[in-house]
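Colleague: I'd like to learn how you read a model like this one, feature by feature. Can we walk through it together?

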Amino acid sequence: MGLWQVLKSQFLCHLIICYVFLVSGLIINVVQICTLPLWLLNKQLARRINVRLGYCVSSQMVAALEWWSGTECTLYTEPESYQLYGKENAIVVLNHRFELDFLCGWTFCERFGVLGSSKVLAKKELSYVPIIGWMWYFLEIVFCKRKWEEDRRTVAESLQNLHDYPENFWFLLFCEGTRFTPKKHQISMQVAESKGLPKLKYHLLPRTKGFWVTVQNLRGTAAAVYDSSLNFRNNQTPTLRDILNGKKYHADLYVRRIPLEAIPEDEAECAAWLHKLYQEKDSFQEHYTQTGRFPGPIVTPPRRPWPLINWLFWACLLLYPLGLFLAQLISSGSTLTIVASVVLCSAASFGVRWMIGQTEINRGSSYGNKEVPLNNN
Ligand SMILES: CCCCC/C=C\C/C=C\CCCCCCCC(=O)SCCNC(=O)CCNC(=O)[C@H](O)C(C)(C)COP(=O)(O)OP(=O)(O)OC[C@H]1O[C@@H](n2cnc3c(N)ncnc32)[C@H](O)[C@@H]1OP(=O)(O)O
Ligand SMILES: CCCCCCCCCCCCCCCCCC(=O)OC[C@@H](O)COP(=O)(O)O
């Protein structure tokens, strides 16, 4: 192991990265709150400002993946489709198997210039996560409770608000609704069987209602669905902790562009279309398992320097006052101040651990884990 690699695994480095993320994130949350009056005066300007503020936060995590861990991301797609990425609004359908799938998604958003404006249909619980969750309110992220009776109205309304969004965006949908575990897979395949649908090997059975409501409400706003399949080389399943430790991975992403007009408007037909899509996605994963690659040509966009520059900017801004504060703290010799600082640091460290825990599959929700009465035809 080289010296640089040893350095990356040091707790002090993680402390610095987390400190910069935490403090800059909270500053950005405060600035976002300050943009509230602007929403009344000039909504489009407020949105554009928030896109850039959001970028300052999300791109720090992208920088950790691309520059700190050095993870490589390869894109398999048709060159004609590649020309359009980042230049139109799109609905992205991605498999949900990895703790880092959202971060790989963000990386591609960054490379195509839509990171600040990227959106997702996210579970409501994520809106309470400090910094990221709070930031998402201002980025008009669509939250759902995963209870269709409650979601059908709120999700449709939030999607309608995106009609006049001033920047190109990608709207991410994890149609599986939860991350893959063997138990959730087993239960969802029982549901598939009860519905007379073919079994999937690499995916959970997709939930079709969110997809239908998204497509219907973004017709005229989004031009296409990007059917995306992610995998990591050598069967690896990286975690956010691995990335903080500077471990390098190689992600492969396969994207097919499907014009939105190709998707049926009728709810039942749209559901059938999505089930067929997931059967195709399953065959792409099988191809990957057999051959170690996805079908189609490779056209990988290079990583860009902006996430690193953004991180360096915040690091310079925030590490200097921290150094001054620590020097003063030590020279003051006040036990009370020292104890108060230690308590504050411990609370912050606990907070970061909790946030990282949100990305871990073994701390995931029980959604899709419960046996359902199988009375569907
Ligand atoms: C190109 C690179 C990528 C670019 C990336 C772009 C942008 C990045 C932006 C941000 C990144 C941040 C990422 C953050 C990640 C956060 C993601 C999440 O939070 S995922 C969880 C929330 N999202 C979803 O759940 C979406 C999918 N769900 C739905 O669509 C649901 O329908 C719903 C709208 C949420 C409603 O939920 P509900 O539970 O009420 O679902 P249903 O009504 O659909 O369920 C009943 C239905 O399902 C059948 N059923 C029952 N059990 C199961 C089971 N175990 N598996 C499958 N199906 C099941 C049941 O029979 C009913 O069937 P039917 O519909 O026929 O009646
Ligand atoms: C620069 C790097 C600094 C690192 C410091 C720590 C930062 C921690 C940030 C945490 C950000 C969390 C936001 C995104 C989390 C996405 C997790 C996810 O994918 O959600 C899962 C849901 O889809 C389904 O949930 P389950 O039903 O599987 O349960």
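Colleague: Let me start with a single side chain: is glutamate 140 buried or exposed?

Modeller: First, keep in mind that this is a predicted model. For burial you look at relative accessible area, and under 20% means buried. Glutamate 140 comes out at 15%, so it is buried.

Colleague: What about asparagine 235, buried or exposed?

Modeller: The cut-off for exposed is over 50%. Asparagine 235 has a relative accessible area of 75%, so it is exposed. Its phi is positive as well, near 55°, and again the residue is not a glycine. You'll find asparagine 235 in the loop between strand 6 and helix 11 (240–244).

Colleague: Which glycine takes a positive phi just after helix 10?

Modeller: That's glycine 220, with phi at about 90°.

Colleague: While we're at helix 10, how many of its residues are buried?

Modeller: Eight of 10, so the helix is mostly covered, given that buried means under 20% relative accessible area. The buried ones are Gly210, Phe211, Trp212, Val213, Thr214, Val215, Asn217 and Leu218.

Colleague: What do those buried residues of helix 10 pack against?

Modeller: Quite a list: strand 2 (90–94), strand 3, helix 8, strand 5, strand 6 (224–232) and helix 12 (267–291).

Colleague: Now the cores. Which residues have the most contacts inside the largest nonpolar core?

Modeller: For a core, look for buried nonpolar residues joined through their side chains. The largest one here has 63 residues, and Leu103, Trp106, Trp136, Trp170, Tyr226, Leu230 and Phe232 have the most contacts inside it. Helix 4 gives the largest share of this core, nine residues. Then there's a second, separate core of 36 residues, which includes Phe169, Met189, Val215 and Ile263.

Colleague: Which residues does leucine 103 touch?

Modeller: Leaving out residues up to four places away in sequence, leucine 103 touches Met61, Val62, Leu65 and Leu240.

Colleague: And what does tyrosine 82 touch, if I leave out those sequence neighbours?

Modeller: Leu75, Thr77, Phe112, Val299, Thr300 and Pro301. Tyrosine 82 itself is found in helix 5 (residues 79–82). For another view of the fold, compare distance in sequence with distance in space: tyrosine 82 and arginine 257 are 175 residues apart in the chain, yet 8.8 Å apart from C-alpha to C-alpha.

Colleague: On to the ligands. Which residues come nearest to ligand 1?

Modeller: Start with the shell, then look for polar pairs. Of the 35 residues around ligand 1, Lys123, Trp148, Lys195, Lys209 and Tyr367 come nearest. By class, that shell has 20 nonpolar, seven polar and eight charged residues. Strand 3 supplies its largest share, five residues.

Colleague: Which backbone atoms lie by the oxygen atoms of ligand 1?

Modeller: A backbone N or O atom of lysine 123 is 2.8 Å from a ligand 1 oxygen. There's also a polar backbone atom of glycine 210 at 2.9 Å from an oxygen of the ligand, and one of arginine 146 at 3.1 Å. As for cover, ligand 1 exposes 1,400 Å² when taken alone, and the protein buries 88% of that.

Colleague: Which elements give two or more residues to the shell around ligand 2?

Modeller: Helix 2 (11–34), helix 4 (43–68) and helix 14 (335–357). The shell divides into 10 nonpolar, six polar and three charged residues. Of its 19 residues, His96, Lys123, Thr178, Arg179 and Ser365 come nearest to ligand 2.

Technical notes. Residues are numbered from 1 along each chain as its sequence is written. Chains are lettered from A and ligands numbered from 1 in the order in which they are written. This is a predicted model: local features need pLDDT of at least 70, side-chain atom pairs count only at pLDDT 80 or more; totals for chains, interfaces and linings use all residues. Side-chain values use heavy atoms; hydrogens and water are left out. A residue is near a molecule or strand if one of its heavy atoms lies within 4 Å of it. Helices (H or I, at least four residues) and strands (E, at least two) are DSSP runs, numbered from the N terminus. Ala, Val, Leu, Ile, Met, Phe, Trp, Tyr, Cys and Pro count as nonpolar, Asp, Glu, Lys and Arg as charged, and the others, Gly among them, as polar. A polar contact is a pair of N or O atoms within 3.5 Å; within protein, one must be able to donate a hydrogen and the other to accept it, and residues adjacent in sequence count only if both atoms are side-chain atoms. Accessible areas come from the Shrake-Rupley method with a 1.4 Å probe; for residues, only the protein chains shown count as cover. A nonpolar core is a set of buried Ala, Val, Leu, Ile, Met, Phe, Trp, Tyr and Cys residues joined through side-chain atoms within 4.5 Å. Buried means under 20% relative accessible area, exposed over 50%, partly exposed in between (1.4 Å probe, protein chains only). Contact means heavy atoms within 4.5 Å.
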